[in-house]
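I set out to record what I looked up in this structure, entry by entry. The notes below follow the order of my reading.

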Amino acid sequence: MDEVAEVGGFVSLSTGGSGAAMDQGQAKVTYAASQSGQTCLGVLLVPMVNKDLTQNHLNRLNGEVQKGGKVRINSACQVETNFILGTPTAGGKAYLGPSGYCQTTQVNANNNPQIGTFLSSKDEDGYAKVKVAVQ
């Protein structure tokens, strides 16, 4: 991932590598500005930072990863996230939204696929539980 990003957003495929693409620089994910035509891979599990590593160390206890490094994502899990557009209800469908968000409405089946199910409504801090099931 080549950008600074918070944990809990939904990453989309930016460019793909060939084969398994385990160590290829072409295999990249992003918080896509528009969900149109994007393939969601899952939820981001580590914070992406951009630090001057000659002056600072990465916080390994927090799981920080330097911009341009490998990220951990999960495509089948349950998370609490505040990357939500709209007003979710328990049992409602979660669709890929812009900029790493999920949303409660589907604009077009080809433009924002279902990525999971809401397990709660938003709390007072804007967080809700989402069962992520990216296919």
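I began with strand 3 (residues 40-44) and found it mostly covered, with 4 of its 5 residues buried. I took buried as under 20% relative accessible area, exposed as over 50% and partly exposed as in between, with a 1.4 Å probe and protein chains only. Strands here are DSSP runs (E, at least two residues), numbered from the N terminus.

I noted that the model is predicted: local features need pLDDT of at least 70, side-chain atom pairs count only at pLDDT 80 or more, and totals for chains, interfaces and linings use all residues. Residues are numbered from 1 along each chain as its sequence is written, and side-chain values use heavy atoms, leaving out hydrogens and water.

Next I looked up the partners of strand 3. Two strands pair if DSSP finds at least two bridges between them. Strand 1 (residues 10-15) pairs with strand 3 in the antiparallel sense over 3 bridges, and strand 6 (residues 73-74) runs antiparallel to strand 3 with 2 bridges. I found valine 43 of strand 3 to be the bridge partner of phenylalanine 10; valine 43 also stands opposite asparagine 74 in strand 6. Leucine 44 has isoleucine 73 in strand 6 as its bridge partner.

I then traced the whole sheet: it is open, with 4 strands in the order 2-1-3-6 and antiparallel pairing. Its edge strands are strand 2 (28-30) and strand 6, each of which pairs on one side only.

I turned to the salt bridges, of which the structure holds 2. The criterion is a side-chain nitrogen of Lys or Arg within 4 Å of a carboxyl oxygen of Asp or Glu. Aspartate 2 forms one with lysine 28, the closest N and O atoms being 3.0 Å apart. This pair links distant parts of the chain, 26 residues apart: aspartate 2 lies in the segment before strand 1 and lysine 28 in strand 2. Aspartate 2 is partly exposed at 41% relative accessible area, and lysine 28 is partly exposed at 30%.

In the other entry, the side chains of lysine 51 and glutamate 64 meet at 2.8 Å, N to O, in a salt bridge. Both residues lie in the loop between strand 4 (48-49) and strand 5 (65-66), so the pair ties together parts 13 residues apart in sequence. I recorded lysine 51 as partly exposed, at 26% relative accessible area, whereas glutamate 64 counts as buried at 10%.
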